[in-house]
Amino acid sequence: MDDTDGRDHRGLSRRQFAKAAVAIGGASALSACLDRGGDPDVPQGPDDLSSLPARQHAWNEFLATDDHGNDVAPRHRVLVLLNYAGEGTPTDAERETVESAFRSLERAYRRGHDGLLFTVGYSPSYFDRFDADLPGSVDLRPPRALTPFEDPALDEQDAVVHLASDHAAVVLAAEEALLGEQSELNGVELAADLSGVFERADRRTGFTGEGLPADNQDVDGIPDSEPVDEDAPLYMGFKSGYDRSQASEDRVTIPEGPFAGGTTHQLSKIRLNLDQWYEQDSRSQRVSKMFCPVHAEEDLVEGVGNNLGDSARMEERGCPAHADDHARTKGVVGHSQKSARARDEDGSPLMLRRDVNSTDDGRAGLHFVSLQRTIGDFVDTRDAMTGEDLADGAAVGQKNNNGILQYMAVLRRGNFLVPPRERRALPEPNPA
Ligand code: HEM
């Protein structure tokens with residue numbers, strides 16, 4: 001089903017319905033979704049899969065772009081966390097089964113935002129099953145707490161599959177098929193599925209894009225009193241993912257070694273508490289805390305920020321360089337302003353963010369998905385975002401007026417290696 005805004009006689013919009021179906025999951029949610037929206041007309045993938053990119057994370061060329069050339073994120077997501085069902089290390093037969101299951105998905109749906117995009121990644125705990133170590137060309141450290149004010153549970157499941165599509169029914173059906181709950185997908189008979197090799201340990205769901213946050217505001221953590229802007233892709237009311245504040249897919253790709261063409265995937269489960277954000281903070285304070293105080297003073301952000309074009313205009317206004325100065329003299333420093341201090345020698349951001357909002361557990365949340373060449377790049381960016389250096393002796397507190405830190409709590413963290421497509425099925429740490 002697509003999720004345009006037609007309302008039924010119960011007043012439930014298609015967007016609410018689509019999000020609710022993904023969050024619930026399973027065969028009955030899928031069939032309700034199909035009954036209501038009809039089967040989305042999604043073309044099948046190619047028979048010959050050799051034309052698909054070598055990188056699993058090569059999504060951007062398959063995404064829509066907005067008027068400013070920014071990539072538009074797929075609207076619906078399921079993150080399936082999996083544990084290996086066998087003892088010890090996987091066998092070659094299991095590898096073939098897993099590869100065959102992923103190939104079946106690729107044959108069933110054309111790769112794209114209006115078809116299906118997916119990646120699979122493996123955790124440090126998965127690689128610990130083997131005697132050999134990962135090569136030095138891969139930085140995949142175990143997850144840990146990254147700030148003094150968090151105590152996250154650690155995601156040590158073996159693998160994560162990230163499913164993405166603009167159609168709620170596509171991510172739901174792909175999940176069902178992968179787990180062996182249905183044998184046909186979009187008219188394609190599946191050659192194999194993951195059941196027997198993997199067991200589902202957790203599922204997390206998310207959404208992003210115009211209208212979805214506004215339509216799904218009826219959860220804890222976000223007040224009813226203030227409607228989220230209809231144009232906002234995320235609960236906090238602003239656009240995210242300007243082209244120039246995202247790393248390119250090349251920048252996040254591992255350049256050498258047996259996993260060349262792969263990347264690393266950081267996953268955090270974040271709880272949002274937006275009562276103060278919407279009920280006490282003024283719009284100007286929200287702009288200061290999300291972007292930069294200069295953006296508020298100069299009234300640079302209209303509405304959700306689409307007017308900014310393809311960049312959040314951080315460097316142009318000297319925001320990252322003045323983070324320390326603003327923390328001292330203005331008593332507030334912006335989230336983007338701080339995070340944009342993490343740049344490589346060529347001035348590029350280190351991470352490609354593919355995060356989504358969520359209503360999992362009945363609470364407003366955010367699944368922060370980011371890709372980066374090394375987990376170290378994530379840690380460096382998160383340190384810049386936390387800005388402990390700025391809170392030290394300045395007018396901002398560790399959390400207060402320090403970007404958006406006081407509105408979020410990191411509940412879980414996990415790190416995964418997303419191998420190149422040819423090594424995506426139960427990889428060994430040191431493939432020849
Ligand atoms: C509550 C969750 C979050 C929300 C709603 C959020 C939202 C945003 C928004 C609206 C922007 C500005 C637009 C843009 O440049 O794309 C931004 C930028 C950014 N955020 Fe977040 N963010 C969140 C959490 C995080 C986390 C956990 C990180 C981890 C490090 C992070 C890292 C970044 C980075 C790196 C940038 C771009 C800065 C740059 O390099 O230009 N964000 N975020």
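## Ligand shell and disulfide

Trainee: How far is an oxygen atom of the ligand from an N or O atom in the side chain of Arg353?

Mentor: Heads-up, this is a predicted model: local features need pLDDT of at least 70, side-chain atom pairs count only at pLDDT 80 or more, and totals for chains, interfaces and linings use all residues. Residues are numbered from 1 along each chain as its sequence is written, and side-chain values use heavy atoms, leaving out hydrogens and water. For Arg353, the gap to that ligand oxygen is 2.9 Å.

Trainee: How many residues surround the ligand?

Mentor: A residue makes the list if one of its heavy atoms lies within 4 Å of the molecule. Gly241, Ser245, His335, Arg343 and Arg353 are the closest. The count is 23.

Trainee: Which residue is joined to Cys292 by a disulfide?

Mentor: A disulfide is a pair of cysteine sulfur atoms within 2.5 Å, and the structure holds 1. Here the S to S distance is 2.4 Å, and the partner is Cys319.

Trainee: How many residues apart in sequence are the parts that the pair ties together?

Mentor: Cys292 is in the loop between α8 (283-290) and α9 (293-297). Cys319 is in the loop between α9 and α10 (323-329), so the parts tied together are separated in sequence by 27 residues.

Trainee: Are Cys292 and Cys319 buried or exposed?

Mentor: Buried means under 20% relative accessible area, exposed over 50%, partly exposed in between (1.4 Å probe, protein chains only). Both Cys292 and Cys319 come out as buried.

Key: A polar contact is a pair of N or O atoms within 3.5 Å; within protein, one must be able to donate a hydrogen and the other to accept it, and residues adjacent in sequence count only if both atoms are side-chain atoms. Helices (H or I, at least four residues) and strands (E, at least two) are DSSP runs, numbered from the N terminus.
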